[in-house]
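User: I have a structure to go through with you. Can we take it piece by piece?

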Amino acid sequence: RGVAVLFAGAWRFSERTAAGIQRHLLRPLKALAFAVSSGARRLEARRKLGQLLPSLKGFAWVQDFSTEELRSFIPPQALRLYEVLGSGALSPLRGMPGGFNLH
């Protein structure tokens, strides 16, 4: 048995952050790392990530859903609640494609 860590979300890469994750999370736990990210395919940054996280065993690029696709996947009642609560102020559902929520 072992530990696996999954990183998922929009592509944001920092050498300092990756090194800290390796030093303080992955190495002490002897964890395998996997990642899935949306955004532009930055091959050089991806290579550097692999160098900084030697336990990275898998990585996949995915395409974000369009605003219309997101809206079609969320039940109308849940979408209304999401909007009323002010969630996702910077999300694609509010016309902000660089947002970090619900994509």
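**Contacts, sheet and surface**

Analyst: Start with Ser37, which touches Gly9, Ala10, Trp11, Phe59, Ala60, Trp61 and Val62, not counting residues up to four places away in sequence. Contact means heavy atoms within 4.5 Å. This is a predicted model: local features need pLDDT of at least 70, side-chain atom pairs count only at pLDDT 80 or more, and totals for chains, interfaces and linings use all residues. Residues are numbered from 1 along each chain as its sequence is written, and side-chain values use heavy atoms, with hydrogens and water left out.

User: Where does Ser37 lie? And is Ser37 buried or exposed?

Analyst: Ser37 lies in strand β2. Strands are DSSP runs of E, at least two residues; helices are runs of H or I, at least four; both are numbered from the N terminus. Ser37 is buried, because its relative accessibility is 4%. The cut-offs: buried is under 20% relative accessible area, exposed over 50%, partly exposed in between, with a 1.4 Å probe and protein chains only.

User: What order do the strands of the sheet have?

Analyst: The order is β1-β2-β3, an open sheet of three strands with parallel pairing. At the edges are β1 (4-10) and β3 (56-62), each pairing on one side only. Two strands pair if DSSP finds at least two bridges between them.

User: Over how many bridges do β2 and β3 pair?

Analyst: Six, in the parallel sense; β2 covers residues 32-38. Ala33 stands opposite Leu56 in β3.

User: Switching to the helix. What does Gln22 touch?

Analyst: Gln22 sits in helix α1, residues 15-29. Leaving out residues up to four places away in sequence, Gln22 touches Arg27, Pro28, Leu52, Leu53, Pro54 and Ser55. Gln22 has a relative accessible area of 9%, so it counts as buried.

User: Why does Lys30 count as exposed?

Analyst: Because its relative accessibility is 73%.
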